[in-house]
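Please look through the model below before reading on. The text then walks through a cavity and the helices around it.

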Amino acid sequence: MLPDGKIVAVKKSKLVDENQLDQFINEVAVLSQINHRNVVKLLGCCLETEVPLLVYEFIINGTLYSLIHNENNEFPFTWSTRLRIATEVAGALAYLHSATSVPVYHRDIKSSNILLDEKYRAKVSDFGTSRSIAIDQTHLTTGVQGTFGYLDPEYFQSSQYTEKSDVYSFGVVLAELLTGNKAISTTTNQDRSLATNFLLATERNLLDTIIYTKISQEGRKEDIMAAANIAYRCMNLNGKKRPTMKEVTTALEAIRSQMPSAAVTNFQLDKGDTAERTVISEVNYTWTNTSTSSSDIHPLLFETS
């Protein structure tokens, strides 16, 4: 608590580690240029002490990860709330990619890095590994960093991080919201990767088997399928074929408003791309070939508004 009574959160490095110090300094540099209602606000810092300190606005309701996977009866986590949170996160990422003075790639988007305030509004956090890039740059070439289950397979193979790598990670978060499943499961006998399971279920017309039952009961089928299609497109193994976060935000907003929109229409699957698709397992990064005909794709994914 500050002298004026304001509650704040203090982020403190556990170890005196040069790498962690660099991450703290990087977080200050990145957040100093960001002002968005769905990005956690940095209030101050102290980098001169032995252990660096960052001071943030206090976000009271914990992480999106906890809300998805430890749902309680105190807060009804409805379909409309899930869709709103997804739209807020997408809007924040679109802002980072295209509305800041210098584009910012987050590089570690996951449900545990999305906080929820007193009204359960999303706040994207943890910019320690984020990077600003020059306007004319298309990618960063770096050592691979990130979290298994959310990590862009293309980045894992090439070490080239693009804005579409953030898009992939967002797609996994959206799949989490739709299924209630963790990005990497330790309990299922199937493939442990949510991304792999989600892609296969979409292509085999089996989405209804993995969509969270409560969502299916609350939401309109066409809205749920449209959101699932967005997640599917975001997780395309070819980064160039993924939408931008601005396109994702527009499409999600169109679903929320329940208005016909070209944004939703433009998220149709390319039938040619699904004639034969290679799906990557994020657990061991081994390749599996899966033949899929266009008749296996959910018909709603081809409907236009």
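What volume does the second largest cavity have? The second largest cavity has a volume of about 30 Å³, where a volume is the space filled by probe spheres set on grid points joined across faces, edges and corners. A cavity here is a set of points, on a 1 Å grid over the protein atoms alone, where a 1.4 Å probe fits but cannot get out, and its lining residues have an atom within 4 Å of a point. By this rule there are two cavities of 30 Å³ or more.

This is a predicted model, in which local features need pLDDT of at least 70 and side-chain atom pairs count only at pLDDT 80 or more, while totals for chains, interfaces and linings use all residues. Residues are numbered from 1 along each chain as its sequence is written, and side-chain values use heavy atoms, with hydrogens and water left out.

Trp79, Arg82, Leu83, Ala86, Leu174, Leu177 and Leu178 line the second largest cavity. Helices are DSSP runs of H or I of at least four residues, numbered from the N terminus. H3 gives the largest share of this lining, four residues, and H3 and helix H5 (163-179) each supply at least two. By class the lining has six nonpolar, no polar and one charged residues; Ala, Val, Leu, Ile, Met, Phe, Trp, Tyr, Cys and Pro count as nonpolar, Asp, Glu, Lys and Arg as charged, and the others, Gly among them, as polar.

Two packed helices are described by the angle between their axes and the distance between the axes. Axes are lines fitted to C-alpha atoms, for helices over the stretch in contact, and angles run from 0 to 180 degrees between N-to-C directions. The axes of H5 and helix H8 (residues 221-234) are 7 Å apart, at an angle of about 150 degrees. In this pair, Val167, Tyr168, Phe170, Gly171, Leu174, Ala175 and Leu178 of H5 meet Ile224, Ala227, Ala228, Ile230, Ala231 and Cys234 of H8, contact meaning heavy atoms within 4.5 Å. The contact of H5 with H8 has 12 nonpolar, one polar and no charged residues.

H8 also packs against H9, their axes coming within 10 Å and crossing at roughly 170 degrees. H8 and H9 are therefore roughly antiparallel, the term for angles over 145 degrees. Asp223, Ala226, Ala227, Ile230 and Cys234 of H8 touch Val248, Ala251, Leu252 and Ile255 of H9. These residues divide into eight nonpolar, no polar and one charged.

Helix H3 (residues 79-98) comes within 8 Å of helix H9 (residues 245-257), axis to axis, and the two cross at roughly 155 degrees. That makes H3 roughly antiparallel to H9. The contact of H3 with H9 has nine nonpolar, four polar and four charged residues.

Terms used
Parallel < 35°, antiparallel > 145°, perpendicular 65-115°, else oblique. 1 Å grid on protein atoms, 1.4 Å probe; cavity = no way out; pocket = protein on both sides within 12 Å on 5 of 7 lines; lining within 4 Å.
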